[in-house]
Amino acid sequence: EESAFAPAIGHDPSTHPKRQKLPSGAAPDEFRAVSSLVDRFVSTPDAKSLVFVMVGLPARGKSFVSMRLVRFLRWTGSEAQVFNVGKHRRKTETGVQDANYFDPSSTSAVSRR
């Protein structure tokens with residue numbers, strides 16, 4: 001099945017995930033039909049976990065998307081959890097956490113981080 005969109009520069013159809021053969025035992029049978037997962041199982045056949053890292057500007061929906069993703073993964077029967085570094089930092093850090101806390105030239109802030 002070829003895409004209706006123009007091929008990307010340097011696109012090699014022979015390496016398309018749908019055309020790659022999965023190693024035996026790399027993925028459950030029900031996942032072998034999901035083309036978006038085939039590449040993951042080809043590249044990391046022994047991986048048992050996934051880590052999603054959300055980074056970006058404040059108030060852009062990272063927490064919202066993370067919570068929705070966890071909700072979906074739990075609904076599908078997967079174990080999922082959100083770790084919020086900001087919440088962890090605010091809970092464990094006793095000092096003032098202004099912009100100087102993130103200054104790479106501040107030796108005291110570097111040691112606190």
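**Talking through the model**

Reply: Of the 113 residues of the protein, 12% count as buried, where buried means under 20% relative accessible area, exposed means over 50%, and partly exposed lies in between (1.4 Å probe, protein chains only). This is a predicted model, in which local features need pLDDT of at least 70 and side-chain atom pairs count only at pLDDT 80 or more, while totals for chains, interfaces and linings use all residues. Residues are numbered from 1 along each chain as its sequence is written, and side-chain values use heavy atoms, with hydrogens and water left out.

Me: OK, and how many helices and strands are there?

Reply: The secondary structure comes to 4 helices and 0 strands, and from the N terminus on the elements run α-α-α-α. Helices (H or I, at least four residues) and strands (E, at least two) are DSSP runs, numbered from the N terminus.

Me: What share of the contacts with a separation of 6 or more comes from residues 24 or more positions apart?

Reply: Such residues account for 0% of those contacts, a contact being heavy atoms within 4.5 Å.

Me: Switching to pockets, how much space lies in the largest one?

Reply: About 1400 Å³ lies in the largest pocket. On a 1 Å grid over the protein atoms alone, a pocket is an open set of points where a 1.4 Å probe fits, with protein on both sides within 12 Å along at least five of seven lines, and lining residues have an atom within 4 Å of a point. Grid points are joined across faces, edges and corners, and the volume is the space filled by probe spheres set on the points.

Me: Which residues lie nearest its centre, and which helix gives the most to the lining?

Reply: The lining has 38 residues, of which Leu 50, Val 51, Phe 52, Leu 69 and Leu 73 lie nearest the centre of the largest pocket. The elements that give two or more residues to this lining are H1 (35–43), H2 (62–75) and H3 (85–92), and H2 gives the most, with 8 residues.

Me: Why does Phe 41 count as buried?

Reply: Phe 41, which is found in helix H1, counts as buried because its relative accessibility is 6%. The C-alpha atoms of Phe 41 and Phe 31, 10 residues apart along the chain, are separated by 9.3 Å.
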